[in-house]
Amino acid sequence: MFQTLNPLEVPISHTNLIEASAGTGKTWNIAALFTRLILLEHYRINTILVVTFTKAATAELKTRLRIRLDETLSILNRTPDAANNFDLLKQNCHSNGKLDEFLLNLIQQALQKEDQARLQLRLKAAISEFDNAAIYTIHGFCQRVLQDFAFLCQVPFDIQLDEQSAENQQIIAAQDFWRTQVATQPHLANLVHRHRLTPENQLFELKSFISRPYLPFRQPECQYDYAQTLADFQAAWQNIQSEINQIEADFWAIQPLLDGRNFRKESFTKKFDWLKENVRFELPDLANLRKTLENSSQNIPFHYDFIDEKIKKQRPDENKMRNVAKLGELADLTDYLIAAEQNVLHQLSCDFTNYLRQYRQEQKKHSPQRIFDDLLLDVHHALLNNPEYSQSLVDSLAQNWHVALIDEFQDTDPLQYAIFRTAFAQTNTPLFLVGDPKQAIYGFRGADIFSYLQAVKDSEYHYTLNTNHRSHKKLMDSISSLFQREQAFALPEITYTPIQAHRQQSDLSDNLSSVQIRWLSNHDGENQDKLVKQSAAICAQQIADLLAQSAQGSLKINDENVHAGQIAILVRAHKDGAVAQRELKRLGIQSVLLSKANIFAEPEAQAVAALLEFVIQPQKLGLLRFVLSSCLFKYDSADLQDLNIDENKLLTWIDSANQTLEVWHQFGIYSALQQFFTRHQVETHLLAQKNERSLTNLHQIMELLAQEDELSHTPTSLHQWLNQEIQAALKNNSITAEHQVLRLESDENLVKIVTMHAAKGLEYPIVFCPFAWKKSNDSSRQQWYISHETGEAQIISKNQYKQSDADKLSIQQENLSEDLRLLYVALTRARERLYVYVSHFQSSEQPKKSAENEGQFINALAYLLNADKNLTQDATAYENHWRNFIAQNNQNGADFEFIVHHDTHHSSNLKKQQNADLPNYQAKSFQNRHFQFIQHASFTSLSRQTQRATELLLPALDSDELQMTALPTTPPDGDSIHAFPQGRRRVCVYIPFWSDWISDSLL
């Protein structure tokens, strides 16, 4: 049973789990609890451990905790004799017109334990020591442990973080494994070649498992001798190759005597055509062979028993039946061979992962270099697998930190939870685990929701936050109505409890409903790409209409016009965000796509790479045409045709390339590119096109090239390096270093386009979810790990042959649960209004209906509405289902509006108005700057010059215009500027030793 958390009364003992739903003030309560520990419980600031899971969250938490201490001290400073002056104390506890009841009660209780002067001294000491506060990310905490207790952890004293070097070492290790374990085995080498496996793509696929030793690979239940199974299949296939014509003749001889529904002429004609076309291959494509030899019900119609069952009346010739049945035997052998291959590939993944794990362990013994995952592994090993020193380390951690506050705990994994449990829970150190299982959305990073659920069982006390301080009541009630079904998050352990709203009314000036459901008509069953574009176009149109209303003064938030920076579009994938951004730009609405994309995956990187190659080899005019048609120049076909027929223009570009190469050799790549782009006014054109995105990307790529160029690259090797980075980024098989993350434009007054994962923890006044109708696509993932009833997680192959029904159900349930949690995060970002787009969409790739895939293609919204797969495939029925749901819930206090969009007509009023207001920008020209020697001077010499200037300045003024005043001998409270306002002049004298310069300005 969860109790409502009161940060002033919760006991500081045992292990406490605090479940904080979206918008319920999780950070506020952590700050309140932190302030209480300092002021009321007398903890030293460096004995309180606060851990969160991202650098941004850590920075925000530090700021909030510091501000909370400052506020408390400020109240005490402004309230003399606070113990006996309740009215003044209460007055000073008001902030922005609201009473901070927590601080009022905290200060009152603290004053009962000690006098005001000691409280002020305690707060001043905490603030002065705040730089020593133990506020870390999980990796920062582990790094601190390894540095402070290196001997007990048995690690080097000079640990260094180096992600890039570790990645390169992993690639080398993967290639070594391939050379020693794969290339030496002919059958295995041939198998991986047919499945197009390489060390690089296997490393990318299994990278997340390498640093998670607690995840074992589950071995297949059925074991096959691959070599023998392959030999049996090849023998049967060779027999079919020689007899296929006779087998076909025998089949058509007996076909008239068989059931026509199961042995249709058209279907079996295609089957024999495929077989006769592929008999020339030594080994056919097994998946297509298996598909050819089965019928629509996935039965094998060539089995002898199946043929015998489907005989109508007259029995066919027995020899012909048995000859045709050889294809049935081939189908069985195909099944065995596919299963044997999957077993071999599964074992290959297991051996590959274990090899890399062991390789990394050996590397760490001889090198101080670590990656972030190594920090967790080293601390976990020191605490749990180091019997000689583990108890001493546990005792040391408990002595170092007397209480621990763990934020965002739903994003933990078994490794991290074991660290906190061993270091704090098992030593009876007060431990507070703060999180929300409904917002556990980082499974792709290794987070494990089942670790949180285990912590719920292990915690002695459970608390919850039941008031939402973000959204108003109508919006909260509407969102709650969506999650009222049983098992709203697919997993029975995760429940949804409605929470109350702190604010009753919306701050938006119009009277529209809080949740706008936009139904996109899709009766024609358009494909997904067209529906995505339609969703983005309607979303852009609606945003244009909102901004047009705001420009007319009819849409305000708290009496201020709504602006673009208060609107966010939440998307599941970066590519959907790019579609939305294009549609907004078409209407003249500027936006920023907030993502952690790799700069080398952007088109500007490819354009620069082609430009570098053209500079190196200017005779390759095809490269020039590619560069000119790219995003940097945007030549059209007419421009390129004009270039082709004008030899002088071509020679001008070639001459420019030669000049650029010469500058490259003398002054480096940055100077070369800068002069090239200035010569051809690239930056001016990009600004004129309002293409700030390309300009930002271009300068970031230039800086990265200059940084790499410092390693003494030749032009050719630097170009090769850029191409390698581009290929790695496009394949998404490399770690994106922090300096390679795509930089963002200024987003203060721009529409934000944010992925749902990145939006977690953020809030926006108006939120659009234009692609909520989509289901996540997990087809690219080849490996899975699932949890069983025992709670143990194991890795199984997604493509494992004949997975059990329990495995398939578990995979579907966990994927659906994560989709539902991601949808919850998206829906709870809005403060004032939420727009959700829904539609009927039937994928052409959906499998045939069967018990094992029932529900597999239902998206999260359909699941919440109890809409099964058959209902979502019927556009009219699904639309009516939404209408009925909304009507029923609006009667119960929800605030939905259902609107049907039949077209994508756009309003151009906003675009015209914006274009009329925007000035024409031009790039400013600067003169060439020459190198100047740096001059060094001492403070004494500067002061001497100041004194001399004062002596020269004062006599120059007429005596009747200046009334001297006595200059103070100590600095005043304000600036050290003394003004003499008599007459026509004002002399501002900066006194020597207070400043180092003097200025005289005429009024």
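Leu203 touches Gln170, Ile171, Ile210, Phe352 and Leu356, leaving out residues up to four places away in sequence; a contact here means heavy atoms within 4.5 Å. The model is predicted: local features need pLDDT of at least 70, side-chain atom pairs count only at pLDDT 80 or more, and totals for chains, interfaces and linings use all residues. Residues are numbered from 1 along each chain as its sequence is written, and side-chain values use heavy atoms, with hydrogens and water left out.

**Leu203**

- Leu203 lies in helix H10, residues 199–210; helices (H or I, at least four residues) and strands (E, at least two) are DSSP runs, numbered from the N terminus.
- With a relative accessible area of 5%, Leu203 is buried; buried means under 20% relative accessible area, exposed over 50%, and partly exposed in between, with a 1.4 Å probe and protein chains only.
- Thr353 is 150 residues from Leu203 in sequence, while their C-alpha atoms are 8.4 Å apart.

**Whole protein**

- The protein has 37 helices and 27 strands.
- Of its 1003 residues, 50% count as buried.
- Among contacts with a separation of 6 or more, 77% are between residues 24 or more positions apart.
- The accessible surface comes to about 49,800 Å², and 47% of this belongs to carbon and sulfur atoms; the areas come from the Shrake-Rupley method with a 1.4 Å probe, and for residues only the protein chains shown count as cover.

**Other buried residues**

- Ser656 sits in helix H26, residues 647–667, and is buried at 2% relative accessibility.
- Beyond residues up to four places away in sequence, Ser656 touches Phe676, Arg679 and His680.
- Ala610 is in helix H23, residues 603–616, and its relative accessible area of 8% makes it buried.
- Leaving aside neighbours within four places in sequence, Ala610 is in contact with Leu623, Phe626 and Val627.
- Ala610 and Phe626 are 16 residues apart along the chain, and 7.3 Å separates their C-alpha atoms.
- Tyr764 belongs to strand S20, residues 764–769, and counts as buried at 7% relative accessibility.
- Tyr764 touches Gln566, Ala568, Leu570, Lys752, Val754, Arg829, Ala830 and Arg831, not counting residues up to four places away in sequence.

**Helix H19**

- The buried residues of helix H19 (residues 449–458) are Ile449, Phe450, Ser451, Tyr452, Leu453 and Ala455.
- Asp448 caps the N-terminal end of H19, with a side-chain oxygen 3.1 Å from the backbone nitrogen of Phe450.

**Cavities**

- A search of the whole structure finds three cavities of 30 Å³ or more; on a 1 Å grid over the protein atoms alone, a cavity is a set of points where a 1.4 Å probe fits but cannot get out, and lining residues have an atom within 4 Å of a point.
- The largest cavity holds about 60 Å³ of space; grid points are joined across faces, edges and corners, and a volume is the space filled by probe spheres set on the points.
- Its lining consists of Leu5, Ile18, Lys26, Asn29, Ile30, Leu33, Leu405, Phe432, Val434 and Leu465.
- Helix H1 (26–39) and strand S10 (431–435) each supply at least two residues of that lining, and H1 gives the most, with four.
- By class, the lining of the largest cavity has eight nonpolar residues, one polar and one charged; Ala, Val, Leu, Ile, Met, Phe, Trp, Tyr, Cys and Pro count as nonpolar, Asp, Glu, Lys and Arg as charged, and the others, Gly among them, as polar.

**Positive phi in residues other than glycine**

- Most residues other than glycine have a negative phi.
- His14 has a positive phi, near 60°, and is found in the loop between strand S1 (3–4) and strand S2 (15–20).
- At 35% relative accessibility, His14 counts as partly exposed.
- Asn96 also has a positive phi, near 55°, and its place is in the loop between strand S4 (94–95) and strand S5 (98–99).
- Asn96 counts as exposed, at 79% relative accessibility.

Methods
On a 1 Å grid over the protein atoms alone, a cavity is a set of points where a 1.4 Å probe fits but cannot get out, and a pocket is an open set with protein on both sides within 12 Å along at least five of seven lines; lining residues have an atom within 4 Å of a point. A polar contact is a pair of N or O atoms within 3.5 Å; within protein, one must be able to donate a hydrogen and the other to accept it, and residues adjacent in sequence count only if both atoms are side-chain atoms.
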